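Subject: Structure handover

Hi,

Here is the structure we talked about. Please open it alongside this note, and read on for what turned up.

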Amino acid sequence: MEKVRLLVVDDDPPIADLVATVARYEGWEAVTAHSGEEALRRAAAFRPDIVVLDVMLPDVDGFGVLDRLRGSRAMLPVVFLTARDGVADRVAGLTRGGDDYLVKPFAVEELMARLRTVLRRTAGPESAARPVLRVADLTMDEDTREVRRDGRLLSLTPTEYEVLRCLMRRSPTVLTKAQILDHVWEDGFGGRSNVVELVVSRLRRKLDGTGEPLIRTVRGFGYAIRRAAE
């Protein structure tokens with residue numbers, strides 16, 4: 001099995017070096033960057049499997065780095081680090097497409113556990129080819145990880161993809177927010193159901209912009225993906 005390639009971006013070199021050292025001890029390959037521009041150069045050369053990204057950087061902030069990374073690799077998983085613990089900051093990180101969010105100071109063991117969880121839910125297929133999931137004119141190829149609506153390729157983040165896959169696999173069944181949290185985040189991300197609401201809101205904008213709304217809200221229960229008549 002190939003080693004996991006980790007890019008650690010933090011403007012505090014001791015923190016970046018510590019995370020990279022622990023990752024190498026786990027058998028991963030790890031490189032560090034201490035600014036946004038350096039992170040982009042490193043990412044282009046190193047082609048990481050996952051990124052730890054500090055929000056507060058001296059040049060381009062973490063959100064700007066994420067936008068540029070996702071411009072070339074839409075499915076690249078990213079875990080944000082930040083010194084700010086406000087709910088608004090957490091929401092901002094997830095709304096901008098982050099796959100997880102950890103507040104400083106943090107335990108490196110917890111960060112590694114979060115990284116492994118994100119990698120598990122964003123990993124490609126490990127066995128035989130799996131079928132294409134279909135709901136109306138929406139298709140998901142689990143081998144290529146391509147999602148199309150009426151033939152048009154959609155750009156989804158890893159977390160958006162996993163939430164959508166969870167809904168499509170169980171369509172037309174209604175899933176509670178807790179069920180989606182348990183399936184996608186495993187540890188439930190602290191039980192914050194508003195995280196599911198944020199991701200579903202992003203999915204709706206991407207899926208339903210040009211066609212019939214497919215993601216249904218069942219008030220007081222959860223979500224389902226299906227045609228209006230189902």
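Start with a right-handed β-α-β unit: it is made of β3, helix α3 (residues 62–72) and β4. Keep in mind throughout that this is a predicted model.

The two strands of that unit, β3 and β4, run parallel and are joined by four bridges.

How well covered is β4? Mostly: five of its five residues are buried. V78, F80 and T82 point one way from the strand, while V79 and L81 point the other way. All of them are buried. In a regular strand, side chains alternate between the two faces of the sheet.

**The five-stranded sheet**

These strands belong to an open sheet of five, in the order β2-β1-β3-β4-β5, with parallel pairing. Its edge strands are β2 (29–33) and β5 (100–103), each of which pairs on one side only. Neighbouring strands here are turned by 20 degrees against each other on average, direction ignored.

At the β2 end, strand β1 (residues 5–9) runs parallel to β2, with five bridges joining them. V8 stands opposite T32 in β2. Helix α1 (residues 13–25) packs on this sheet and touches β1 and β2. Its direction makes about 175 degrees with that of β2.

Helix α5 lies across β1, β3 (50–54), β4 (78–82) and β5. It runs at about 175 degrees to β5. Does the length of α5 agree or disagree with what its residue count predicts? It agrees: at 1.5 Å a residue, the 15 residues of α5 (residues 108–122) should span 21 Å, and the end C-alpha atoms are 21 Å apart.

**The three-stranded sheet**

There is also an open sheet of three strands, in the order β10-β12-β11, and its pairing is antiparallel. The edge strands are β10 (175–176) and β11 (215–218), each pairing on one side only. β11 and strand β12 (residues 222–225) pair over four bridges, in the antiparallel sense. Within that pair, R216 stands opposite A224 in β12. Helix α6 (residues 158–170) packs on this sheet, touching β10 and β12. The direction of α6 makes about 70 degrees with that of β12.

**Helix α7**

Which residues of helix α7 (residues 177–184) are buried? They are I180, L181 and V184. These cover an arc of only 100 degrees around the axis, so they sit on the same side of α7.

**Two loop residues**

T157 is in the loop between β9 and α6. Is T157 buried or exposed? Its relative accessibility is 7%, and buried means under 20%, so T157 counts as buried. Leaving out residues up to four places away in sequence, T157 touches R70, A74, M75, G97, R202 and K206. G97 is 60 residues away from T157 along the chain, yet their C-alpha atoms are separated by 6.2 Å.

G151 sits in the loop between β8 (146–149) and β9 (152–154). At 54% relative accessibility, with exposed meaning over 50%, G151 counts as exposed. The C-alpha atoms of G151 and T139 are separated by 8.3 Å, and the two residues are 12 apart along the chain.

**The chain as a whole**

The chain holds eight helices and 12 strands. It has 230 residues, of which 50% count as buried. Take the contacts with a separation of 6 or more: residues 24 or more positions apart account for 57% of them.

Best wishes

Technical notes:
Residues numbered from 1 in each chain as written. Predicted model: local features only at pLDDT ≥ 70, side-chain atom pairs only at ≥ 80, totals over all residues. Heavy atoms only, no water. Expected span 1.5 Å × (residues − 1). Pairing = 2+ DSSP bridges. Contact = heavy atoms within 4.5 Å. Axes fitted to C-alpha atoms, helices over the stretch in contact; angles between N-to-C directions. Buried < 20%, exposed > 50% of the residue type's maximum accessible area, 1.4 Å probe, protein only. Right-handed = clockwise from strand over helix to strand, strands pointing away. Arc of directions from axis to C-beta.
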